Amino acid sequence: MRVIDSHTGGEPTRVIIEGGPDLGSGSLSEQCQELASNFDHIRKMVINEPRCSDAAVGALLCNPTSQKYTAGVIFFNTAGYLGMCGHGIIGVINTLAYLGKIQEGEHLIETPVGVIKANFYGNHTVSVENVASYRFKKDIIVNVPELGPITGDIAWGGNWFFLTNNAPAALSMENIPYLSYQSIQIRRVLAANGITGENGAEIDHIEFFTTSDSGSIDSRNFVMCPGGAYDRSPCGTGTSAKIACLAADSLVKAEELWVQESITGSTFEASYKVNSKGEIIPTITGTGYICGETTLIFQNNDPFRMGIS
Ligand code: PYC
């Protein structure tokens, strides 16, 4: 199996370019179901240690349902499958460009949660016009052991987020282990109390946010992804969820620029427009860099052929 590794604002994406399973020609959510039901071992082999890690997001290129789409893509990580992945789309577009499969310009990419529009400007830079994003619930209070009451919003940006400015410590690199531990506690409390996204969907991303030290940056965040790894990038779907909350509170106007910084200091530029249905459509712009081209080898007698689960 051949993969290309890239990073977007420090967050890794691993794209399978050869040797992945054929998932047929159903809708992307049907193909994702097929992958999860019959080929979940492939996800584990590609993304789990020792061949990869908790920090990375994998991307399987699939048959799109229409020729107008440049590609279909299913994102996954060590914990399972992601509806969408903003940093991952930037990684996929840079990977396709590196392989000479796409040129600068607009590319429609199909994901299990909808079609997104990626604009490749060259020079590693990609804008992602995301799926419609919205705040589902405002000011939800959860009682977290050791922390007490934490107030946050539940929002959709292609994945489900609980967003709070009640960060348990400063959003700085030396606090990453503590922020990771407490964000996982919050996720557990949400699940234990039946607090979900719409239609009972699990809230699998927790986002702390605060102001930035830099005057040109609007917000700094820490995002805990499904599993135990934090996002090294500002998180495209998390920034979309944040933009949806800001729009709902009339704190950011349509087309206004919003700069989101990650815990590692990388940034995404964000803005939104309102479509004819009145929905918030965020656009996230960031850069991605290729950092590896690898043939993965799975020897028959390797006790960790399937990865460490
Ligand atoms: O950029 O949307 C994102 C993302 C989700 C999980 C990791 N990155």
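Trainee: How many nonpolar, polar and charged residues does the lining of the second largest cavity have by class?

Mentor: That lining has five nonpolar, one polar and two charged residues. The model is predicted, so local features need pLDDT of at least 70 and side-chain atom pairs count only at pLDDT 80 or more, while totals for chains, interfaces and linings use all residues. Residues are numbered from 1 along each chain as its sequence is written, and side-chain values use heavy atoms, with hydrogens and water left out.

Trainee: What makes a lining residue nonpolar, polar or charged?

Mentor: Ala, Val, Leu, Ile, Met, Phe, Trp, Tyr, Cys and Pro count as nonpolar, Asp, Glu, Lys and Arg as charged, and the others, Gly among them, as polar. The lining consists of E11, D54, A55, A56, V57, N77, C225 and A229; E11 and D54 are therefore charged, and N77 is polar.

Trainee: Why is such a space called a cavity and not a pocket?

Mentor: On a 1 Å grid over the protein atoms alone, a cavity is a set of points where a 1.4 Å probe fits but cannot get out, whereas a pocket is an open set with protein on both sides within 12 Å along at least five of seven lines; lining residues have an atom within 4 Å of a point. Points are joined across faces, edges and corners, and the volume is the space filled by probe spheres set on them. Two cavities of 30 Å³ or more are present. The largest has a volume of about 90 Å³, and 16 residues line it, with L82, C85, H87, H205 and D231 closest to its centre.

Trainee: Which helices each supply at least two residues of the lining of the largest cavity?

Mentor: They are α3 (86-98) and α5 (236-248). Helices (H or I, at least four residues) and strands (E, at least two) are DSSP runs, numbered from the N terminus.

Trainee: Why does H124 count as partly exposed, and why is E146 exposed?

Mentor: Buried means under 20% relative accessible area, exposed over 50%, and partly exposed in between (1.4 Å probe, protein chains only). H124, at 32%, is therefore partly exposed, whereas E146, at 61%, is exposed.
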